[in-house]
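Dear colleague,

Here is the structure I said I would pass on. Please open it next to this message while you read.

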Amino acid sequence: MLLEEFDPGLTAIINPDMVTHRIEDFPEVTVSCFSKKLFDSVLALFDAKKIAELHSAVGLNPVYEVRYKERRFAFFQSYVGEPLCVALYEDLMAIGSKRLILLGNCGVLDKSIEDCGIIVPTMAIRDEGTSYHYAEPGDTIPVNKKYREEFFEVLKECGYPYVEGMTWTTDACYRETREKVLRRKQQGAICVEMECAGMQAVCDFRGTEFFQFFYAGDNLDHSSWEPRSISGETRLDDKMKILFLAFELGLKIMRNE
């Protein structure tokens, strides 16, 4: 079986440090999101300085240094879909990132989860391919093994309720069939997205720290699809406030070091 051919060797034929250049004194915490509209709206609030560029066939992806409450952060936009999301962060780790806080939209498999509600994943179902190149084969991978309690403190301080649970990471957003949704719910999944399992796997493999949380978007736990706030334009002010929870978590991490 191809997905059982995990090779634990750290050196491949092409390695990230062959295509990037390391930056000394890279910020201690990197924050990233997926939505272009959200990223640009938050970036506009900072006096940002470009410190790096990530290269891919779709173009250049700038990485910025921003200051939030007098602390330095790296800030960049991740791309939707696990292979490119993982590959770009491989490059950024080679450049110098040691700790990533990632947030994004997810679909809910439990209609009781409110639109834009905060979800903290504890386990990811590996219904994708990228993670199998970074971790031993298995149906699931533990996620958010560090900083969960710190994030709960941030949520309490900022007045945000949340839910915890298993996420379903899939490569094929147009193959989330009714049967698969029911099967994943039976496995314990409360939401679905496209990157979490692979991002946790690559950070584990490279020995860097990773934390991801979601804000709830479309509802799949219904007789027909409910888009709710999946559009980047919808409830943008609420999403901007949610993104700053990542910066607050970064502050708490740096202060606790």
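Below are notes on the aromatic residues, the nonpolar cores and one threonine.

Please keep in mind that the model is predicted.

Aromatic residues

The structure contains 14 aromatic pairs. In one of them, the ring centres of Tyr 68 and Phe 244 are 5.6 Å apart and the planes meet at 40°, so this pair is classed as tilted. Its two members come from distant parts of the chain, 176 residues apart: Tyr 68 belongs to strand β3 (residues 59–68) and Phe 244 to helix α6 (residues 236–256). Tyr 68 has a relative accessible area of 12% and is buried. Phe 244 is buried as well, because its value of 19% falls under the 20% cut-off.

Tyr 68 also pairs with Phe 247, again tilted, with 5.4 Å from centre to centre and 40° between the planes. This pair too joins strand β3 to helix α6, across 179 residues. Phe 247 has 0% relative accessibility and counts as buried.

Elsewhere, a charge meets a ring: the charged end of Arg 126 sits over Tyr 132, at 4.1 Å from the ring centre.

Nonpolar cores

The largest nonpolar core is made of 39 residues. Val 63, Tyr 89, Leu 92, Ile 119 and Met 199 have the most contacts inside it. Elements that each supply at least two of its residues include the strands β2 (49–56), β4 (71–77) and β5 (99–108), and the helices α2 (82–95) and α5 (196–206).

What does Leu 92 touch, leaving aside residues up to four places away in sequence? Its contacts are Phe 26, Thr 30, Leu 54, Val 63, Phe 76 and Ser 97.

Another core, of 38 residues, lies apart from the largest one. Leu 38, Phe 211, Ile 242 and Met 254 are among its members.

Thr 170

Thr 170 is in strand β8, which covers residues 162–170. Is this residue buried or exposed? Thr 170 is buried, at 5% relative accessible area. Its side chain reaches the backbone nitrogen of Ala 172 at a distance of 3.2 Å. Not counting residues up to four places away in sequence, Thr 170 touches Asp 127, Glu 128, Glu 176, Val 192, Glu 193 and Met 194.

Regards

Methods
Residues numbered from 1 in each chain as written. Predicted model: local features only at pLDDT ≥ 70, side-chain atom pairs only at ≥ 80, totals over all residues. Heavy atoms only, no water. Phe/Tyr/Trp six-rings, centres within 6.5 Å; stacked < 30°, edge-to-face > 60°. Helix = DSSP H or I, 4+ residues; strand = E, 2+ residues; numbered from the N terminus. Buried < 20%, exposed > 50% of the residue type's maximum accessible area, 1.4 Å probe, protein only. Lys NZ or Arg CZ within 6 Å of the ring centre and 35° of its normal. Core = buried A, V, L, I, M, F, W, Y, C linked by side-chain atoms within 4.5 Å. Contact = heavy atoms within 4.5 Å. Polar contact = N/O pair within 3.5 Å; in protein donor to acceptor, adjacent residues only side chain to side chain.
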